[in-house]
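Here's a quick briefing to read with the model open beside you. Have a look at the sequence and the fold, then carry on below.

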Amino acid sequence: KERLRPTYATVMKHLYRGIVSLSFTKKDGSLREMNATLVTSAIPAKHQKESLPNDPTEKENILVWDVDQIGWRTFKMSTIESYDGLVKYL
């Protein structure tokens with residue numbers, strides 16, 4: 001079964017609306033599952049960025065807040081293995 005990769009626009013739209021569930025292949029080849037968001041109210045104040053965390057011209061490396069690991073993480077759009085999309089509105 002061929003998996004459908006979400007577009008950058010879709011991922012960003014979902015990240016700014018709530019929690020997104022996805023998995024991706026890390027640099028070491030291992031699979032990583034993550035629940036991520038860019039909703040400011042879901043990110044502890046001391047960790048919030050002063051500006052948008054992602055450069056709109058950068059469409060491959062996406063910086064997100066990992067709600068389970070409680071920290072900033074980056075994944076590559078091209079390494080997404082599964083994308084459950086928006087699992088919780090915030």
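Which strands each supply at least two residues of the lining of the largest pocket? They are strand 1 (18–25) and strand 4 (71–76); strands here are DSSP E runs of at least two residues, numbered from the N terminus. Bear in mind that this is a predicted model, where local features need pLDDT of at least 70, side-chain atom pairs need 80 or more, and totals for chains, interfaces and linings use all residues. Residues are numbered from 1 along each chain as its sequence is written, and side-chain values use heavy atoms, leaving out hydrogens and water.

**The largest pocket**
- The largest pocket has a volume of about 150 Å³, a volume being the space filled by probe spheres set on the grid points, which are joined across faces, edges and corners.
- A pocket is an open set of points on a 1 Å grid over the protein atoms alone, where a 1.4 Å probe fits, with protein on both sides within 12 Å along at least five of seven lines; lining residues have an atom within 4 Å of a point.
- Strand 4 gives the most to this lining, with three residues.
- The lining splits into two nonpolar, four polar and three charged residues; Asp, Glu, Lys and Arg count as charged, Ala, Val, Leu, Ile, Met, Phe, Trp, Tyr, Cys and Pro as nonpolar, and the others, Gly among them, as polar.

**Two lining residues**
- Lys-27 and Thr-79 are among the lining residues.
- Lys-27 sits in the loop between strand 1 and strand 2 (31–37) and counts as exposed because its relative accessibility is 87%.
- Thr-79, in the loop between strand 4 and strand 5, counts as buried at 18% relative accessibility.
- The cut-offs are under 20% relative accessible area for buried, over 50% for exposed and in between for partly exposed (1.4 Å probe, protein chains only).
- A polar side-chain atom of Thr-79 lies 2.8 Å from the backbone oxygen of Lys-76.

**Tyr-83**
- Tyr-83 is part of strand 5 (residues 80–89).
- Leaving out residues up to four places away in sequence, Tyr-83 touches Pro-6, Thr-10, Val-11, His-14, Val-20, Ser-21 and Leu-22, where touching means heavy atoms within 4.5 Å.
- Pro-6 is 77 residues from Tyr-83 in sequence, yet their C-alpha atoms are 7.2 Å apart.

**Tryptophans**
- Trp-65 and Trp-72 are both buried.

Terms used: Helix = DSSP H or I, 4+ residues; strand = E, 2+ residues; numbered from the N terminus. Polar contact = N/O pair within 3.5 Å; in protein donor to acceptor, adjacent residues only side chain to side chain.
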